[in-house]
Amino acid sequence: MPLSSQPSSSNLKRKQPTISSFFTKKPQLSQESISNDVLEKEERDEEREEVAKQEEGLRENGGTRSNNVDDDEDDVVAPASKRARTNGSHSQNTIETPKEKHIERPLPSDSIQKTELSKFASSPATEGETKERTKERERLHQKFVRRLGGPDCLIGIGRNTAPEAVPEEVGEGDEDDEPSPPPAAKGKATAKKGARKLTPMEKQVIDIKRKHMDTVLVVEVGYKFRFFGEDARTAAKELNIVCIPGKFRFDEHPSEAHLDRFASASIPVHRLHVHVKRLVSAGHKVGVVRQMETAALKAAGDNRNAPFGRKLTNLYTKGTYIDDMEGLAGSTASMSATGTSMATGYMLCITETNTKGWGNDEKVLVGIVAVQPATGDIVYDEFEDGFMRSEIETRLLHLAPCEVLIVGDLSKATEKLVRHLSGNKTNAFGDEIRVERAPKAKTAAAESHSHVSSFYAERMKKVNATNDAQASSLLQKVLNLSEQATICLSSMIKHMSEYGLEHVFQLTKYFQHFSSRSHMLLNANTLNSLEIYHNQTDHSTKGSLFWTLDRTQTRFGQRMLRKWVGRPLLNKLGLEERVDAVEELKNLERVALVEQMKCLLGRIKTDLEKSLIRVYYGKCTRPELLTLLQTLQMIAQEFAGVQSPADTGFSSPLISKAVASLPTILEDVVRFLDKINMHAAKNDDKYEFFRESEETDEITEHKLGIGAVEHDLEEHRSTAGEILGKRKVDYVTVAGIEYLIAVENKSPSIKKVPASWVKISGTKAVSRFHTPEVIRLLRQRDQHKEALAAGCDKAYATFLAEISASYQSFRDSVQSLATLDCLISLATIANQPGYVKPEYTNHTCIQVDQGRHPMVEQLLLDSYVPNDIDLDSDKTRALLVTGPNMGGKSSYVRQVALIAIMGQIGSYVPARSAKLGMLDAVFTRMGAFDNMLAGESTFMVELSETADILKQATPRSLVILDELGRGTSTHDGVAIAQAVLDYMIRSIRSLTLFITHYQHLSSMVHSFPDHELRNVHMRFTESGPTEEEITFLYEVREGVAHRSYGLNVARLANLPAPLIELAKQKSAELEQKIHRRRLAGLVRTVGDILADSAKADESLIERLISSAEQL
């Protein structure tokens, strides 16, 4: 190194100017202070390693400078070299570098110039005081200087940041010893500081990153996984780990020219899955980049001097994370306890086209395909949707996806809805949804059809199923999908191929149409209003219908029950079969068998459905596979004696079929278990995983190779002994290095050691060597070991593929077990007091005696007041419900709907008796809210939802309308409410519950002579001196409540007393005025009739009587 660059190593020592240095001349440094400098230099060198960590704080707090620095000072003083320090020529050595500002920690020594307070003091101080004050200032200044060295210190902005992030092939930590270049003279062109060449590994990372800009990359570097650049900042924030500062961008931006390394953060190898899971849960897409070569095979190969080959091996997002048994959700128990919303793990693909041509998005044709990678379920649909997009919302709420893939452009309304549902933290899904986009070509339909066809044709060739009738029919089903659904399916196959999960689409048996008409469809409004999956208060599961019915013991059982709850059955035979099964499980004679099943379900600790699909994907670990097969064996052996459904001891066909299907898998499971060495599988030992008789030729060959090398090493002992003049030497192992030959330094043998022996380690007493032969044999052994590892992995993958061939039968057994879990859960509910088995009829009716609200009853501390309901399509089809505010109207109508839904799930219902017809849908219009996203007012939302109901409702539907028309003026509101109610009863003829505060509507009863409409009200009693204090009785009785008692609610809401008094006065005045008007109108009409009797037709007289009654 040239001498001239020696002083430049002091470049790192720059001095931060104090206030006084701007006013006073720089004194010469004393000899003592120079010696102080030397001592403190060592301390500063030790501290230099911390600088890197502190600079992250710098970058963020760059605006908060220390008070010592003049705020207006832009050019910061660069330091003089060490020799120049003693000659007092500070001003001569000042070099301004406008581009790179250097601020350095001040030296904690006496030599530093400080501002002396006495110079500015108003009164002169005595000598003693001056000394004391000088000492005090000295102490405070030292403290201040130490403080500057802390995390908030503005050290080294712009100087080479922390040490280089070099790959493991390059030695780390040598950068600090390199001197930095001398400061450039002002005005001369300076080379870019960050313009050093990238290391080969950094180039690798940048290449991979450019292909996956939306992905957080975790790169395997030796024994650690590391994050680089912006990914390091993301990881540090989400994982609470340290981010070593540096470049955050990957595009060599000039703003980061002064930095010559990437920011980085690292995690240990064994914690990879923990951290990946946390990043994925936070909504990130994570890619794992692994080394494709091992050290020994690389050393033996041609590219021993090149960096390790690396490749993106795994990609994960919320929907595709299946690498871990637990998945992203916790256990069933903990979820029930915390009551969090459960996203189902569906990935939803959506595309749409305008049915009325481009530019008009009022009506759209939408295609969806939803996949649950964790279970292999696939749902598809194509439907038309109106401008409210209620159909899309219904499907999004039912499927509750954790990830959405949008193909092409969506219309504004759909885009807003998807963005609203995905970005809202308190949404129905309880979490933020990840949204990705894929392009859609103009010829997308044709391309997608050919892509899907070739995908399934290849698959059929692979499994030789071209002549299989069942496979052909399933393939035909997929190829007959509608155009939009095919586009979605094709996009999903491409999207899932990124994650290596495209095999899930080969399970065509599990393709389901979303709205297959064997289920009652509950739309988005109904799911929310009736709190089917989550409550409306905090969107958690507690207090929902699903929470009430969920007594399942397994995760796969819980998932099945969730489907049952959202899709009540329409088929009366299937429904009776299910409810009969629940009744039989409840039967005391079956207690022993039911307890045996409960005990079996309780012993299942793993999510079998997820484990099976992981075997199918080839991602299952060895211990997990052992647990899965042993659990399946335990299940099959529990009912090993069952040969046919008749042997089960149950008369219900649903239960006996499910139980009989469990032992059928026993033979396959035992066959697979017989190949495995249990102890090795438990410890995840890949080398001994297979029993000796089942090992492949490749594994045996490499094991023999290792044995041969070890034998040669043993033989070599005598050869080495001869060289040292001994009969035989013993090998020693030190610090994990095997086959070392130890020779004592004082023994005569040390002189016989040849120069070809390599000294590996040693102490004062002993030296340890490897002979050339040992080195050669160890290299051979390492190559065999790594080839053996690869052979074991290959054999294990083949074994998983073999198990996958039995996937369908295993999955069917798990489904049977899930069915049993759900039925036992419903039987547990049925055993509660006050629950009754409903009677089903094909005639549309709801007749419930002493019905109760299933959720409110569980959450109430007091007893729930039961009520009756009697609706029949041939008799009373509609009830007009009136009553005071907070009198229980909404609870009553919700209770009716929930009892109907519970009945069609196959559950017992909370009532004394119940007769239920088969409803095809339940529609609700409850609550008031506006839709600001779509620019719609409260009333607009209300009427749009009502319009949707009028389009979709049939005579077999139950419709609930709560206070329709309240969002506009009274006259318009009453008119709309009356017209809608009339249309529901006369034209659509569906069962209707209509809540209102408009007492005028009660007169509509007279226009339906056959009592199709009845008036009912919620009972209450009046008390107090002015009869204004009311007590709610929550009972439903015939008749009309002529007042709503809004002032009573105002009192309960603690509005100010004077305000309530004024409102009472105004209310009385208005009531009297309307009373007088109506009376005058009545008298006038009676006068007209008396004057001209020809006007007196029957309907007019009827109206007169009803008006008089109301008055």
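Glu-436 is buried in this predicted model. Its relative accessible area is 10%, and the cut-off for burial is under 20%. Glu-436 and Arg-434 meet through their side chains in a salt bridge, with 3.0 Å from N to O. Arg-434 has a relative accessible area of 14%, so Arg-434 counts as buried too. Side chains of opposite charge can pair when their charged atoms come close.

Arg-811 forms a salt bridge with Asp-377, and the closest N and O atoms are 2.9 Å apart. Arg-811 belongs to helix H28, residues 807–830, while Asp-377 belongs to strand E8, residues 377–385. The two parts are 434 residues apart in sequence, so this contact ties a helix to a strand across that separation. Both Arg-811 and Asp-377 are buried.

Next comes a pair within one helix. Glu-773 and Arg-776 form a salt bridge whose closest N and O atoms are 2.6 Å apart. Both residues sit in helix H27, residues 772–804. They are three residues apart, so about one helical turn separates them.

Some salt bridges share partners. Such links join Asp-377, Arg-559, Lys-563, Asp-607, Glu-609 and Arg-811 into one network. Across the model, the count comes to 46 salt bridges.

Ile-737, Val-758 and Ile-760 make a nonpolar surface patch of about 200 Å². Ile-737 lies in strand E14, residues 737–744. Its relative accessibility is 35%, so Ile-737 counts as partly exposed.

An unreviewed UniProt entry carries the annotation "domain: DNA mismatch repair proteins mutS family" for residues 957–973. In the model, this span is 24% helix and 35% strand. The C-alpha atoms at the ends of residues 957–973 lie 24 Å apart.

Definitions and conventions:
Residues numbered from 1 in each chain as written. Predicted model: local features only at pLDDT ≥ 70, side-chain atom pairs only at ≥ 80, totals over all residues. Heavy atoms only, no water. Salt bridge = Lys/Arg side-chain N within 4 Å of Asp/Glu carboxyl O. Helix = DSSP H or I, 4+ residues; strand = E, 2+ residues; numbered from the N terminus. Buried < 20%, exposed > 50% of the residue type's maximum accessible area, 1.4 Å probe, protein only. UniProt positions renumbered as here; feature names shortened; annotations may be inferred. Patch = residues over 30% accessible without salt bridge, like charges linked within 9 Å, V, L, I, M, F, W, Y side chains within 5 Å. Areas by Shrake-Rupley, 256 points an atom, 1.4 Å probe, with all protein chains shown as cover.
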